[in-house]
Amino acid sequence: MFEPVLLKNVGMSGSHLLSTYETGGGYQALAKVLREYTPDEVVDLVKRSNLRGRGGAGFPTGMKWSFVPKRGDKPRYLCCNADEGEPGTFKDRIIMERDPHQLIEGLAVSAYAIGAQTAYVYIRGEYVTAIRHLEQAIAEAHEKGYLGTSILGSDFNFTVHIHCGAGAYICGEETAMLESLEGKRAQPRLKPPFPAVAGLYASPTVINNVETLACVPHIVMRGPDWFRGIGPDKSPGPKLYCVSGQVRKPGLYELPMGIPLRELVETHAGGVLPGRRIKAVIPGGVSAPVIPEHGLGVGMDFDSLAAAGSMLGSAGVVVIDDSTCMVKVATRIIEFFHHESCGKCTPCREGLNWVVKVLRRIEAGDGAPGDLEQLEMLCKGIFGNTFCALGDGAAMGLRAALAHFREEFVAHIEERRCPFH
């Protein structure tokens, strides 16, 4: 029987308060590592759990931590990526609003593991309630000795700072986020060097997602074998799925990694409205290629979705029913990426500009023969030719829409109108 852990406090009254968190065993993981583990042993513990990053890329967390140099005179930093700009995604917001101490404890344990004394939570400025609750939680943690100097009587010193972003999607890319933290224009850096070697202020830096960090205290308390026993071997653990779109019960669901997409949408989220059928589902935020109805048996984990030609991404599941025009969906998604492109890379900056123009023309009923071939050519020019994955996500999503729903694009061009209007 699956037992939720990441959302166990969310429904409680005063769930964001320290007293509520302590009642449920909060900060016991921090006390345990400071009492029983060396930093290297904590890294090994997380490695053995096979926790993979929940921000989108799915990189093994313990391995990322191990890349931080053991020696050197520069300070080490921990950065929490709480920007969460991916449309259809709201899992990190719920943790920060409803259970912020879970994140703070995860930050403290992770910082101890990598030898950092300072952490920055980079959070999007629109998350007003989350920011307020995080600030309150940090103050409470300082007052009780969970943050500050000589934490719980140890020689571990640790402080958390909040940095509010200005709503730029590109700041979800880790090196663009570092540029923004340093007061520069948020644009991706060339890698290598990677942040673990030269990140914030050219110092060793680990960047983890909110949900990733929230998993760490549970791994400490329950053990890596417990974590590995949930879901597939290569992508284990509990997972937060954000379900939205044309579905009866939109919301945030904590379920095992690898649950079939159809079960998530139809059983847990109640399926689509009466009289409608599922046309397609976007499984991981709008960067993830759409999956048509016949492919919904795929498991919601990194490897299964990759094999199906999509990706888990941020697990922002967007349900699309048969009343929806896929040309309109594709156009709105590409408009978003075009608007959020930082402009650094020519293929992304110029390519998406042209893609938007062609899609808008097709949607308006002014498409021409050869437009679909031009879109495919533009996607080929964008994919793999940019500093970060923004352009790749846009190109992959449009390619999938063209592959699975080409007849709708053709109908717009041939009939010179939208068949759904």
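These legends accompany close-up views of the cavities in a predicted model.

In this model, local features need pLDDT of at least 70 and side-chain atom pairs count only at pLDDT 80 or more, while totals for chains, interfaces and linings use all residues. Residues are numbered from 1 along each chain as its sequence is written, and side-chain values use heavy atoms, with hydrogens and water left out.

**View 1. Two cavities of 30 Å³ or more turn up in a search of the whole structure.** A cavity here is a set of points, on a 1 Å grid over the protein atoms alone, where a 1.4 Å probe fits but cannot get out. Points are joined across faces, edges and corners, and a volume is the space filled by probe spheres set on them.

**View 2. The largest cavity has a volume of about 130 Å³.** Its lining (residues with an atom within 4 Å of a point) holds 14 residues, and Val290, Ile333, Gly397, Leu398 and Ala401 lie nearest the centre. Because domain 2 (238-321) and domain 3 (326-415) both contribute lining residues, this cavity lies between them; the bounds come from an automatic or database domain assignment.

**View 3. Helix 13 (326-340) and helix 16 (390-404) each supply at least two residues to the lining of the largest cavity.** Helix 13 gives the most, with five. Helices are DSSP runs of H or I, at least four residues long, numbered from the N terminus.

**View 4. The second largest cavity holds about 70 Å³ of space.** Cys342, Cys345, Cys348 and Cys388 are among the residues that line this cavity, as are Ile170, Pro188 and Lys344.

Note on methods. 1 Å grid on protein atoms, 1.4 Å probe; cavity = no way out; pocket = protein on both sides within 12 Å on 5 of 7 lines; lining within 4 Å.
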